[in-house]
Amino acid sequence: MANSKIKTQTKNNSNINSSDIVSQRQIRLQKAEELRKLGLDPYTPTSKKDKLNKELVDNFDTLQGKDFTVTGRIFLIRNFGKIAFIDLRDESGKIQLFITQQNLGATDSKIGKLGYEHLNLLDRGDFIQAHGKLIKTKTGEISIEVDHIKVLSKSLRPLPDKWKGLKDEEQLTRRAYVRMAL
């Protein structure tokens, strides 16, 4: 076990070793508690999904401009002040979520909506549901322009970094769930 150090990315992109996983878990538990204080359930029992991510990407020409609800696991979050991008993966593939402060708005516990000001409570590995319009961004990326985000399941442990993470084949065989998550 000493050979297999799991590395992951923190919010400021500095690498941490498996010895810091305990502190990462504590931070994520605190974020789950913050969600509860906001009146949001970090482990929502129900969700809705209209189409698979691959269906939206493959049929973009016919579906462009229509509203859809997608679900999946967060694999990447990029925040640029008043806009943010999330790479969301489901069993079929990836789709980008395009989030603006204006479109997403504020947190609303009555409808279970996470607002733009609380996006920092999301982490890589969390499962979410997002609703919005299917668009193509300025760079040509097929995306969902999000107007509603609901947390489905808060991840308490960070995913290993895809390139620098768990490399020991024996550990990957023993912990097949890690390989499937990547």
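User: In the hairpin of β6 and β7, how many residues are between the strands, and which residue takes a positive phi?

Analyst: That hairpin has 5 residues between its strands, and Gly140 takes a positive phi near 90 degrees. On the labels: strands (E, at least two residues) and helices (H or I, at least four) are DSSP runs numbered from the N terminus.

User: Before I go on, what should I know about the source?

Analyst: This is a predicted model, where local features need pLDDT of at least 70, side-chain atom pairs count only at pLDDT 80 or more, and totals for chains, interfaces and linings use all residues. Residues are numbered from 1 along each chain as its sequence is written, and side-chain values use heavy atoms, with hydrogens and water left out.

User: What's the mean pLDDT of the protein?

Analyst: The mean is 85, and 79% of the residues reach 70 or more. pLDDT is the predictor's confidence in each residue, from 0 to 100. Over residues 1-18, though, the pLDDT is below 50. That stretch still has 33 contacts in the model beyond near neighbours in sequence, a contact being heavy atoms within 4.5 Å.

User: How many helices and strands does the protein have?

Analyst: There are 6 helices and 7 strands. From the N terminus on, the order is β-β-α-α-α-β-β-β-α-β-β-α-α.

User: Which strands close into a barrel?

Analyst: 5 of them do, in the order β3-β4-β5-β7-β6, and the pairing is mixed. The twist averages 55 degrees from one strand to the next. For that, axes are lines fitted to C-alpha atoms (for helices over the stretch in contact), and angles run from 0 to 180 degrees between N-to-C directions.

User: Back to β6 and β7. How many bridges do they pair over?

Analyst: β6 and strand β7 (residues 142-153) pair antiparallel over 10 bridges. Two strands count as paired if DSSP finds at least two bridges between them. In that pairing, Gln129 stands opposite Lys150 in β7. β6 also pairs with β3 in the antiparallel sense, over 7 bridges, with Asp67 opposite Lys133 in β6.

User: And what joins to β4?

Analyst: Strand β3 (residues 67-79) runs antiparallel to β4, with 6 bridges, and Leu76 has Asp87 as its bridge partner in β4. β3 and β4 make a hairpin with 3 residues between them, and Gly81 in the turn has a positive phi of about 85 degrees. On to β5: 8 bridges join β4 (residues 83-90) to β5 (residues 93-100), again antiparallel. Those two form a hairpin with 2 residues between them, and Ala84 is bridged to Ile99 in β5.

User: Is β4 mostly covered or mostly open?

Analyst: Mostly covered: 6 of its 8 residues are buried. Buried means under 20% relative accessible area, exposed over 50%, and partly exposed in between (1.4 Å probe, protein chains only). Of the 182 residues of the protein, 43% count as buried.

User: Switching to rings. Which residues do ring pairs link into a cluster?

Analyst: Phe80, Phe85 and Phe98. Rings of Phe, Tyr and Trp (its six-membered ring) pair if their centres lie within 6.5 Å; planes under 30 degrees apart are stacked, over 60 edge-to-face, and the rest tilted. Phe80 and Phe85 are edge-to-face, 6.1 Å centre to centre with 65 degrees between the planes. Phe85 and Phe98 are tilted, at 5.5 Å and 35 degrees.

User: Why does the pair of Phe85 and Phe98 tie together parts that are 13 residues apart in sequence?

Analyst: Because Phe85 lies in strand β4 and Phe98 in strand β5. Phe85 also stands opposite Phe98 in the strand pairing.

User: What sits over the ring of Phe75?

Analyst: The charged end of Arg89, 4.3 Å from the ring centre. The test is NZ of Lys or CZ of Arg within 6 Å of the ring centre and within 35 degrees of the ring normal.

User: Last one. Where is Ala130 found, and what does Ala130 touch?

Analyst: Ala130 is in strand β6 (residues 127-136), buried at 1% relative accessibility. Leaving out residues up to four places away in sequence, Ala130 touches Phe68, Thr69, Val70, Leu97, Val146, His148 and Ile149.
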